[in-house]
Amino acid sequence: MASMATSLFFKISSPSHSLTKSFDTHFAPSSKVTIFSGAKTRTHPGLRVSSGLIEPDGGKLVELLVKDSERDLKKGEAFSIPRIKLSRIDLEWVHVLSEGWASPLNGFMKESEFLQTLHFNSIKLNDGSVVNMSLPIVLAIDDSQKHRIGDSKKVALFDSLGNPVAILNNVEIYKHPKEERIARTWGTTAPGLPYVEEAITKAGNWLIGGDLEVIEPIKYHDGLDHFRLSPAELRDEFTKRNADAVFAFQLRNPVHNGHALLMTDTRKRLLDMGYKNPVLLLHPLGGYTKADDVPLDWRMKQHEKVLEDGVLDPETTVVSIFPSPMHYAGPTEVQWHAKARINAGANFYIVGRDPAGMSHPVEKRDLYDADHGKKVLSMAPGLERLNILPFKVAAYDKTQGKMAFFDPSRPQDFVFISGTKMRTLARNKESPPDGFMCPGGWKVLVDYYDSLVVSSNGKVPEAVPA
């Protein structure tokens, strides 16, 4: 796996959606632009500072929940039309779509949207503008389900407990090209890709798209629903806090002090640029994750300790859960992660080394080049409103006894602690170097591994997908 050492890049808001600009990488722009601050203006190299939140993709946040007054009617309708039973991952995608994370999508993709996503990593809107869309958001059905649906233009979506979740209108059924989908999304068809094995290999040979009407907000009743703020709720929170910049940090691992260094340094840089109140969106991924990742509930406990221990400032940090399932699709997936945060109001996105990556499932190497994620983000179609600025790599500095930015002039003083090494230390109840992680956060991690009961064959039981 890639090192836990993290390099930081973030993107800066600019007004253009146009694809006519050059796709050359645009690190550290040097041209002067205006910084807006009320009636007064001043200039700063290469930056535009604006007091408003960034617009959602397509100009409007798409929310697909039916009105309260229509819920009973829609529930009754759901029992009268053909139905599809949703998997846990399907339900997570309904959650994503219902709240507008994938704006301007208004339901599971039809074939045109699916093909544009696979081949262009973007979707062209009716007005000719382009929005980024790098991951297919689709619903698979099998032959028997296709037969039961027949000519119906509506289907009902039910959860595993038999509760009606949504109605899919104006449906379109088309072939599910699994091999092409896997190859284009992951860049390989090697066996052992977690999301592929969980959600694609055994899925049906057809895809069904249409317009969603979601009957009730998606809840998981796991004690964490209060952390699952929708894009609209996050925008309201940022507005209440008078944020003039929002920088998002996604993670699926516990927060160590290298992460914290990057986040606090980002805020300092934004203040230096002229922003008055940059707010951090600490946004752990809360959908499906592979079995050896730390489960969501334990990660949230660890994140809370990071705030309690003062590693991050609660006054300038919003902790929320991003409901998307994890693909581990590297540069393809990181575009989705960035795009979704735009819809939540974030105009800066921190991306680390090998974002959304994983070890190759067959060979002893990382699946993706560690630098490709940031490079792809700098060129991605539909993300032109954002620019990337490079930051240094963070690692453990033995001379200071803490995480610090790597100094290439004295490499012997730095230790790169991989995720595998971190998990091994926690599992063995060993302590990391002082200053690697706050004590409260580390204890949560140790407690998690201590809670795992080793089965009779000596293997740790698989974690329940988040």
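Modeller: Helix H10, residues 330-343, has 14 residues and reaches 21 Å from its first C-alpha to its last, close to the 20 Å expected at 1.5 Å a residue. Please keep in mind throughout that this is a predicted model.

Colleague: How many of the residues of H10 are buried?

Modeller: The general idea is that an α-helix has 3.6 residues a turn, so residues three or four places apart point the same way. In this case H10 is mostly covered, with 14 of its 14 residues buried, and just after the helix Gly 345 takes a positive phi of about 105°.

Colleague: In what order do the strands of the open sheet lie, and which are its edge strands?

Modeller: Five strands form this open sheet, in the order E4-E8-E9-E10-E7, and their pairing is mixed. The edge strands are E4 (83-85) and E7 (140-141), each of which pairs on one side only. Helix H1, residues 71-78, packs on the sheet and touches E8 (154-158), E9 and E10, with a direction that makes about 50° with that of E9. Helix H2, residues 88-99, lies across E4, E8, E9 and E10 and runs at about 50° to E10.

Colleague: Which of the pairs run parallel or antiparallel, and how many bridges join E4 to E8, E8 to E9, and E9 to E10?

Modeller: E8 and E9 run antiparallel and are joined by five bridges, and the bridge partner of Lys 154 in E9 is Asn 169. The hairpin of E8 and E9 has five residues between the strands, and in this hairpin Gly 162 takes a positive phi near 85°. E9 (residues 164-175) and E10 (residues 206-214) also run antiparallel, with eight bridges joining them, and Ile 173 has Ile 208 as its bridge partner in E10. As for burial, E8 is mostly covered, since four of its five residues are buried.

Colleague: How is the crossing of H12 and H13 to be described, and which residues make the contact?

Modeller: One reads the angle between the two axes, and angles of 65 to 115 degrees count as roughly perpendicular. The axes of H12 (residues 419-427) and H13 (residues 439-451) come within 8 Å and cross at roughly 70°, and the two helices are therefore roughly perpendicular to each other. On the H12 side the contact is made by Met 422, Arg 423, Leu 425, Ala 426 and Arg 427, and on the H13 side by Trp 442, Leu 445, Val 446 and Tyr 449.

Colleague: Is His 360 buried or exposed, and what does its side chain reach?

Modeller: A residue counts as buried when its relative accessible area is under 20%. His 360, in the loop between strand E14 (348-350) and helix H11 (372-377), has a value of 9% and is therefore buried. Its side chain reaches the backbone nitrogen of Val 362 at 3.0 Å, and a polar atom of that side chain also lies 3.0 Å from the backbone nitrogen of Glu 363. Not counting residues up to four places away in sequence, His 360 touches Ala 190, Arg 365, Asp 366 and Leu 367.

Colleague: Why is Thr 316 classed as buried?

Modeller: Thr 316 is classed as buried because its relative accessible area is 11%, and its place is in the loop between helix H9 (296-308) and strand E13 (317-319). Leaving aside neighbours within four places in sequence, Thr 316 is in contact with Arg 241, Arg 267, Asn 277, Pro 278, Val 279 and Leu 280.

How values were computed: Residues are numbered from 1 along each chain as its sequence is written. This is a predicted model: local features need pLDDT of at least 70, side-chain atom pairs count only at pLDDT 80 or more; totals for chains, interfaces and linings use all residues. Side-chain values use heavy atoms; hydrogens and water are left out. The expected span of a helix is 1.5 Å times one less than its number of residues. Buried means under 20% relative accessible area, exposed over 50%, partly exposed in between (1.4 Å probe, protein chains only). A polar contact is a pair of N or O atoms within 3.5 Å; within protein, one must be able to donate a hydrogen and the other to accept it, and residues adjacent in sequence count only if both atoms are side-chain atoms. Contact means heavy atoms within 4.5 Å. Two strands pair if DSSP finds at least two bridges between them. Axes are lines fitted to C-alpha atoms, for helices over the stretch in contact, and angles run from 0 to 180 degrees between N-to-C directions. Angles under 35 degrees count as roughly parallel, over 145 as roughly antiparallel, 65 to 115 as roughly perpendicular and the rest as oblique.
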